[in-house]
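Take a look at the model below.

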Amino acid sequence: MERLIKNDNVKKSRIPARLDLAQSGTGLVLGLFMWVHMMLVGSILLGKGSFNFVAKFMELSFLSGTGEGFPSAVFLAVLVIFTLFIIHALLGVRKFPISWKQHAIIRQQMGMM
């Protein structure tokens, strides 16, 4: 018991908590993206015109003089979402057991639940 008390004075790292917070944040952004994406794709149910309006809006056609838009804006959005996905995956992978001993401990704890 004394050993536990002595270790309480050691300052613990906050990095794992910050990484968990970052993983939660990227997960929230990706989840919101999926909901918005489903609603925007669902505009096809309202007709061809509404879907084309959404497509033109996403290409920022209202900002171009010719009305053709900027397809590169869609590419940039895809790049941002893909980067968030990779970051989210890497933050999740760090929690996987990296040795057989850690795996056995997790299995044992799962068995107790």
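At roughly what angle do the axes of helix H2 and helix H4 cross? This is a predicted model, and in it the answer is roughly 140 degrees. Helix H2 covers residues 15-41, and helix H4 covers residues 71-93. Their axes come within 9 Å. Only angles over 145 degrees count as roughly antiparallel, so H2 and H4 are oblique to each other. Their crossing is left-handed.

Which residues make the contact? H2 supplies Leu19, Ala22, Gln23, Thr26, Gly27, Val29, Leu30 and Phe33. H4 supplies Ile81, Leu84, Phe85, Ile87, His88, Leu91 and Gly92. Sort the residues of this contact by type and you get 10 nonpolar, 5 polar and no charged.

Now pick out Gln23, which lies in helix H2. Is Gln23 buried or exposed? Its relative accessibility is 16%. The cut-off for buried is under 20%, so Gln23 counts as buried. What does Gln23 touch, leaving aside its neighbours within four places in sequence? Gln23 is in contact with His88, Leu91, Gly92, Arg94 and Lys95. Among them, His88, Leu91 and Gly92 are also listed on the H4 side of the helix contact.

Finally, turn to the record. An unreviewed UniProt entry lists residues 21-46 and 70-93 under "transmembrane region". In the model, residues 21-46 are 81% helix and 0% strand. The end C-alpha atoms of that span are 38 Å apart. Residues 70-93 are 96% helix and 0% strand. Here the end C-alpha atoms lie 36 Å apart.

Note on methods
Residues are numbered from 1 along each chain as its sequence is written. This is a predicted model: local features need pLDDT of at least 70, side-chain atom pairs count only at pLDDT 80 or more; totals for chains, interfaces and linings use all residues. Side-chain values use heavy atoms; hydrogens and water are left out. Axes are lines fitted to C-alpha atoms, for helices over the stretch in contact, and angles run from 0 to 180 degrees between N-to-C directions. Helices (H or I, at least four residues) and strands (E, at least two) are DSSP runs, numbered from the N terminus. Angles under 35 degrees count as roughly parallel, over 145 as roughly antiparallel, 65 to 115 as roughly perpendicular and the rest as oblique. A crossing is left-handed if the near helix is turned anticlockwise from the far one by less than a right angle, and right-handed if clockwise. Contact means heavy atoms within 4.5 Å. Ala, Val, Leu, Ile, Met, Phe, Trp, Tyr, Cys and Pro count as nonpolar, Asp, Glu, Lys and Arg as charged, and the others, Gly among them, as polar. UniProt positions are given in the numbering used here, feature names are shortened, and annotations may be inferred rather than shown by experiment. Buried means under 20% relative accessible area, exposed over 50%, partly exposed in between (1.4 Å probe, protein chains only).
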